[in-house]
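Open the model in your viewer and keep the sequence panel beside it. The stops below go from the whole chain to one site.

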Amino acid sequence: MRAPVLTDLAPEQLATYRSAQSAPADFDDFWAATLADAGTHDLDVRLQEVPTGLTTITTYDVTFRGFGGQDVRAWLRLPVGATGPLPAVVQYVGYGGGRGHALENLLWASAGFAHLQMDTRGQGSGWSLGATPDDAPSPPQVPGVLTRGILEPAGYYYRRLFTDAVRAVDVARGVPEVDADRVAVLGGSQGGGISLAVAGLRSDLAGVVAFVPFLCDFPRAVRVTDAYPYREIIDYLKVHRGRQEQVFRTLAYFDGVNFAARAAAPALFSAALRDPVCPPSTVYGAFHAYAGPTEMAVWEYNGHEGGGILDEERALGFLRAVLAGR
């Protein structure tokens, strides 16, 4: 299949592009209150070892309390016999996916990291397995989750998911084999957007990896791409005429640009110049706003797959370097 043509900004324009997104005046108060409320619920971490037949990795089925005290699932993978202290990677999943099968995604534990892969509430059926429901009422929405509760920040889907993600870091830091000072977050597409959100909401991360991140620079995204999932917002506004001010006000509380401006941990981004799903200018919007040290991997001839295994190879070297320095 032919790769899409380059339809976003040219590389020299990306170098100077800055997002017009700005944070609401009560952005920090909103998130402080959200996380304080989540903190009233004990994490209540439950681990059950899963027989996988693997001889080099021990896998646990994890359950913990996320937003509203609701159960969230994850996989924890550890190198067999590891006593620690290990560096840890907390991974978040792309749109429509869940934590997958216990035998999938073995890179990080094989490389000597503790690996916590969080499930994604209400999603895991699009392309990988999930086991966590989204236990919250929602007004009418476009199919998918991007417009679920989008008319007000308190009820928006990503308030729940980002809170789960913040608490997943606490789960990883509490694993006896983990060095709590060497925990990084990682994800691609939606998972990359979640990683940026967590980076902006926590000050104790050692590193951040965001491959072709989604959920960044919403005002530009809906104007430069017709691809899903951003298209869900367009579909919603086609029907809910006159609601755009409410919608974009809500989205500002969840935009990776605004989280990036509050993040300090070293971060590795990637962007693909022929990506219609997460256009490179939206990625650069977050990249240029990021307050900590950054690196960018650019894939000139790729679409939303980005660098594929080469992104992971680069992330492995990046995280070994930043985690070794802690």
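Predicted model: local features only at pLDDT ≥ 70, side-chain atom pairs only at ≥ 80, totals over all residues.

**Whole chain.** Does the radius of gyration agree or disagree with that of a compact globule? It agrees, because a compact globule of 326 residues would have a value near 20 Å and the protein chain has 19 Å.

**Inside and surface.** Colour the residues by relative accessible area. Of the 326 residues, 58% count as buried, meaning under 20% relative accessible area. Then display the accessible surface, which comes to about 13100 Å²; carbon and sulfur atoms contribute 53% of that area. For contacts, take the pairs with a separation of 6 or more: 72% of them join residues 24 or more positions apart.

**The largest pocket.** Select Q91, V93, G94, W127 and G188, the lining residues that lie nearest the centre of the largest pocket. The pocket has a volume of about 640 Å³, and its lining comprises 28 residues. Which elements give two or more residues to this lining? They are β4 (86–92), β6 (178–188) and α11 (309–324), so select these three ranges next.

**Lining by class.** Finally, colour the lining of the largest pocket by residue class. There are 11 nonpolar residues, 12 polar and 5 charged.

Note on methods:
Residues numbered from 1 in each chain as written. Heavy atoms only, no water. 1 Å grid on protein atoms, 1.4 Å probe; cavity = no way out; pocket = protein on both sides within 12 Å on 5 of 7 lines; lining within 4 Å. Points joined across faces, edges and corners; volume = space filled by probe spheres on them. Helix = DSSP H or I, 4+ residues; strand = E, 2+ residues; numbered from the N terminus. Nonpolar A, V, L, I, M, F, W, Y, C, P; charged D, E, K, R; others polar. Rg over C-alpha atoms; globule rule 2.2 N^0.38 Å. Buried < 20%, exposed > 50% of the residue type's maximum accessible area, 1.4 Å probe, protein only. Contact = heavy atoms within 4.5 Å. Areas by Shrake-Rupley, 256 points an atom, 1.4 Å probe, with all protein chains shown as cover.
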